Amino acid sequence: MSPDKSPSYLNVGTEFTRRDAAERLTGHATYTEDVRLPNMLFGVLVQSPVAAGLIRGVKVDKAVALEGVVKVLTADDVTDRRYGNYVKDQPIFARDQVRFVGEPIAMVAATSLATARRAADLVEVDIETSTPVVDLQEALVSTEVLVHDRRTNVIEDVNISRGDVDAIFEAAHAVVHTEVESHRVHQAYLEPRAVTAIPAPGGFSLIMSTQQPFGVRAQLAELFDIPTGSIEVRVPAVGGGFGGKLHLLFAPQTAAMTLATDRPVQLVCSRADDMVTGNPRENSIVRMSSAVDESGRILARRCDVLLDAGAYAMDTPILTSMAAFYATGPYRIGALDLRGRAVYTNTCPTGSFRGPTGPQMVYAAEAQIEDIAERLGLDPAKVRRRNFIGEGDRGPAGELITVRGTTDECMQIVESRLQRWRQAEIAPGDRRRRGYGLACAWWSTLGTPSAATVELHEDGTVTLSSGGTEIGTGAISTALPTMVAEELGLRPERVILKAGSTRDSPYDSGSRGSRTMFATGNAAVLAARAVAGQIRDEASRLLGVHPDDVLLREGRVEVEGAPEKSMTIAEVSASAHMHSGPVVATGRYRAELAPVEGSDLQGARFHRLGEPTFHCHGVEIALDEETGRIDVLNFIAAHDVGTIVNPVGARGQVEGGVVQGIGYALTENLKTNAAGVIVNGNFHDYRLPTIADVPPNIETVFIETNSSRTGPFGAKGLGEPPVILPAAAIGSALRDVLGGQPYHLPLDADRVAITMAEHDTYLSSDPATDTLAPRTQTPC
């Protein structure tokens, strides 16, 4: 499907500034909160103050009596159907029982936001409080405290198996165990979740900040028993998503209110509401064991992953399968016993976050490699190289790897930088300890369905219609028009984009899963190629040549070998409109699935990974022994994601992902106390990395010699991989300093101090002359 990369490309590979950059930078972009409609009401939720309990009553009389209040809704006023991406377990409003702090119990709609807030405070909720279960391991084994009416709190149980793991473990030279516990982190998008519902004949229209408008439409149609075509979802500018806006958010509550009042209703989360009711990255426990031979070759692996789903399933059913799949890391392992379980707790429901389950699974898999090397007295780089997966091998599900593995090439680049940093002089007076580490990973390019329509107008301009949502990556706003322009021999500014609406555009699976450039791009390119074919057919008639001899270049239609025989593309388009009809085509795409064999998958939500990408990150850190603070001094990110369509956008994706990964590793931690209350639900106490916490230069290297065989122009997905490796690389660098690394994330000052205390680590007094070799081989 994709041609080989060629220097003759007019647009692909050129550095383009994002089309919407000026609009966003100057404040002219319109977000959901900016929408103001005639007769619009403002909605505010009444939320549970406790994590668990029975609802004995909800009194709304005082709220209804307040001047300006139009309607108050409770569970008694809406359908008792439930919703959810994979398991339908969530009510519109809590009915009989509350399951987490912040769960919606009622909703007030008033003529002003201030009035709605005052009225929400007047709603009286009588809850008989019960003891919540907030600890993941306790919830796993509990039969007494159950979040839902089920026999256990386990909502999902996935197992991937291949080969005789027991026999291999029994006969192996060594068996190495690693256990990693991770924390919750919030997506921290700048624009809080927001939705505006508008009544429409037979249904309603939504304006909302979402990454998946077609998914929202489908779920709401089912929830309210309304024909899909009677619901429209429009997406204005989105102020960040990172997976946190893949769900219905508060669309069900807002839609219910607009159906009840027949007026537009807007609900915008406050920052505090967003932090306590959002769907953060799940906390987890990963227990991993590998059977190895004397050379460090991994013969078999067991892994048991526990994910905290919170009070409702959200995305954790599919994430449980993802965690199990990624338990191998980018390594060839013959025998597997991989288990993933998602567990209900009385906490805020967790959900998708860029690279779901990736950071903790990469941390565990790479710490395991380091532990294997330490146990056998080998160089970790050699252990990695002996096990890297590549073409002809089988992935965890038994899927045949049909692409060349380039993890080693990425690692070689990183190793060269680490060597350079080790040799650099340390500034006089800087007594912080230096550490150097790296981490390797692979990821999957999601190829879920997309469609796109391309129409060439009589003036030679093009309209590209895509249901994809631009969430800040530039993949929709900039890369898609670039690729369409490439196919038609135009400059990108001649391509007008319509995107992010279920009314004006064909279906798209949403901006998620490193899929937008790949899957939505493929659909757009297929449509553009069909349009190019129509133009060649018309030009062949006009110029008296074979269609295969027609070239589209620089806005003109030329004959190969006879450039004097040419017309503008506008002239050919205008002729085609009158002769054969409008020049328009729709492309649709769904990735082909790799063949599988040899693995047994029980309970998995999908059965193979998509086209793999390969990655390695390296880091230099400085450790202050007195405070336990880690500073990231230098960072390099090497990625094989095929052809780079827009280098500016690609570098931005990597740099942003690295910063998010550093935040996950060092500073961010969404904390829940024993009562199920989030105690740092604001951007003051929840510590996002600032410019002072990241290195002044994040070097990005792309390997473009391994283009995708099926991606548009050879491109693969890039959105998620940059965020999944930094924590593991920093953990490796800490091991370089201390001789061991923490197995509990985040790697904040407290955790580092504990690790230093646990290790009998000798550190010389002169960092400028210290070789920084590990002082002890004692495991953490």
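Predicted model: local features only at pLDDT ≥ 70, side-chain atom pairs only at ≥ 80, totals over all residues.
Visitor: Which strands pair with strand 17?

Guide: Two strands pair if at least two bridges are found between them. Strand 23 (residues 583–589) runs antiparallel to strand 17 and is joined to it by seven bridges, with Glu-455 opposite Val-584. Strand 18 (residues 462–466) is also antiparallel to strand 17, over five bridges; there, Val-454 has Leu-464 as its bridge partner.

Visitor: What lies between strand 17 and strand 18?

Guide: Five residues separate the two strands, which form a hairpin, and Gly-460 in the turn has a positive phi of about 85°.

Visitor: Are the faces of strand 25 covered or uncovered?

Guide: Both faces are covered: buried residues on one side include His-615 and Val-619, and those on the other include Phe-614 and Cys-616. In strand 25 (residues 611–623), 13 of the 13 residues are buried, so the rest of the structure largely encloses it.

Visitor: Where do the bridges of strand 25 lead?

Guide: Strand 16 (residues 433–445) pairs with strand 25 in the antiparallel sense over 13 bridges, and Trp-442 has Phe-614 as its bridge partner. Strand 26 (residues 630–640) is likewise antiparallel to strand 25, over 10 bridges, with Glu-620 opposite Asn-634. Strands 25 and 26 form a hairpin with six residues between them, and Gly-628 in that turn has a positive phi of about 80°.

Notes: Residues numbered from 1 in each chain as written. Heavy atoms only, no water. Buried < 20%, exposed > 50% of the residue type's maximum accessible area, 1.4 Å probe, protein only. Helix = DSSP H or I, 4+ residues; strand = E, 2+ residues; numbered from the N terminus.
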